[in-house]
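I opened this entry to go through the ligand site first.

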Amino acid sequence: MPGKILVLNGPNLNLLGSREPEVYGHETLDDIDQSLRRRAGELGVTVDCRQSNSEGELVGWIQQARGEADAIIINPAGYSHTSVAILDALRAVELPVYEVHLSNIHQREAFRHHSYISAAARGVICGLGSDGYLFALEAAAKQHDQRG
Ligand code: DQA
């Protein structure tokens with residue numbers, strides 16, 4: 001069975017392309033989703049890419065992923081640094097979680113250095129721009145393959 005990977009993006013990532021391009025790059029979220037879909041096709045997995053500015057909606061999508069998705073790739077954006085609720089939801093669904101940040105959060109303001117989400121993540125990729133999502137996808141697909 002092909003793996004199904006849920007890709008979640010948190011608040012303000014809908015503004016990628018115009019939002020602080022010196023930090024987040026010039027690609028839009030649509031560009032990133034398209035590259036993910038292309039690479040997913042090559043890897044033989046499917047991706048379901050969603051974005052929300054609402055913590056509750058993200059929690060709802062994570063809960064629904066139980067029994068439906070094989071892995072979650074998430075850029076929780078600002079909620080990384082505040083959301084125990086997203087951490088709890090990710091723990092509850094017991095799926096492999098790959099956390100992605102476009103920027104290197106450790107080189108930025110001190111309040112960005114800690115992510116609540118990392119405690120539930122199999123792996124964390126930060127600072128590699130949109131390639132981070134593709135590397136997370138490779139890891140998720142490889143892991144799904146190994147489990148058969
Ligand atoms: C981000 C980093 C966060 O600190 C920030 O709040 C974001 C984006 C990143 O992708 O680099 O919105 O998650």
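**Ligand shell.** I sorted the shell around the ligand by residue class: four nonpolar, five polar and three charged. The model is predicted. I then listed the names. The shell holds Arg19, Tyr24, Asn75, Ala77, Gly78 and His81, along with His101, Leu102, Ser103, Ile105, Arg108 and Arg112.

**Polar atoms at the ligand.** Which distances did I find from ligand oxygen to the side chains of Ser103, His81 and Arg19? For Ser103, a polar side-chain atom sits 2.6 Å from an oxygen atom of the ligand. For His81, I read 2.7 Å between a polar side-chain atom and a ligand oxygen. For Arg19, a side-chain N or O atom is 3.0 Å from an oxygen atom of the ligand. I looked up the cover next. On its own the ligand has 320 Å² of accessible area, and the protein covers 97% of that.

**Strand β3.** I moved on to β3, residues 71-75. How many of the five residues of β3 are buried? I counted five of five, so I logged the strand as mostly covered, with buried meaning under 20% relative accessible area. Ala71, Ile73 and Asn75 are buried on one side. Ile72 and Ile74 are buried on the other.

**Partners of β3.** I looked for the strands bridged to β3. Strand β1, residues 4-9, runs parallel to β3 and is joined to it by five bridges. One pair I noted is Val7 with Ile73 of β3. Strand β4, residues 97-101, also runs parallel to β3, with three bridges between them. There I noted Ile74 paired with Glu99 of β4.

**Positive phi.** Most residues other than glycine have a negative phi. Glu20 has a phi of about 35° and is not a glycine. I placed Glu20 in the loop between β1 and α1 (21-24). Is Glu20 buried, exposed or partly exposed? Its relative accessibility is 37%, so Glu20 counts as partly exposed.

Ala77 was the other one. Its phi is near 50°, a positive value in a residue other than glycine. I found Ala77 in the loop between β3 and α4 (84-93). Ala77 has a relative accessible area of 13%, so I logged it as buried.

**Ser130.** I then went to the loop between β5 (123-126) and α5 (131-147), where Ser130 is found. Ser130 counts as buried because its relative accessibility is 16%, and the limit for buried is under 20%. What does Ser130 touch, leaving aside neighbours within four places in sequence? I read contacts with Glu27, Ile32 and Leu102.

**Glu68.** My last stop was Glu68, in the loop between α3 (55-65) and β3. Glu68 has a relative accessible area of 52%, so it is exposed, since exposed means over 50%. I also looked up its separation from Ile5. Glu68 and Ile5 are 63 residues apart along the chain. Their C-alpha atoms are separated by 9.1 Å.

Technical notes:
Residues numbered from 1 in each chain as written. Predicted model: local features only at pLDDT ≥ 70, side-chain atom pairs only at ≥ 80, totals over all residues. Heavy atoms only, no water. Helix = DSSP H or I, 4+ residues; strand = E, 2+ residues; numbered from the N terminus. Buried < 20%, exposed > 50% of the residue type's maximum accessible area, 1.4 Å probe, protein only. Contact = heavy atoms within 4.5 Å. Near = heavy atom within 4 Å. Polar contact = N/O pair within 3.5 Å; in protein donor to acceptor, adjacent residues only side chain to side chain. Areas by Shrake-Rupley, 256 points an atom, 1.4 Å probe, with all protein chains shown as cover. Nonpolar A, V, L, I, M, F, W, Y, C, P; charged D, E, K, R; others polar. Pairing = 2+ DSSP bridges.
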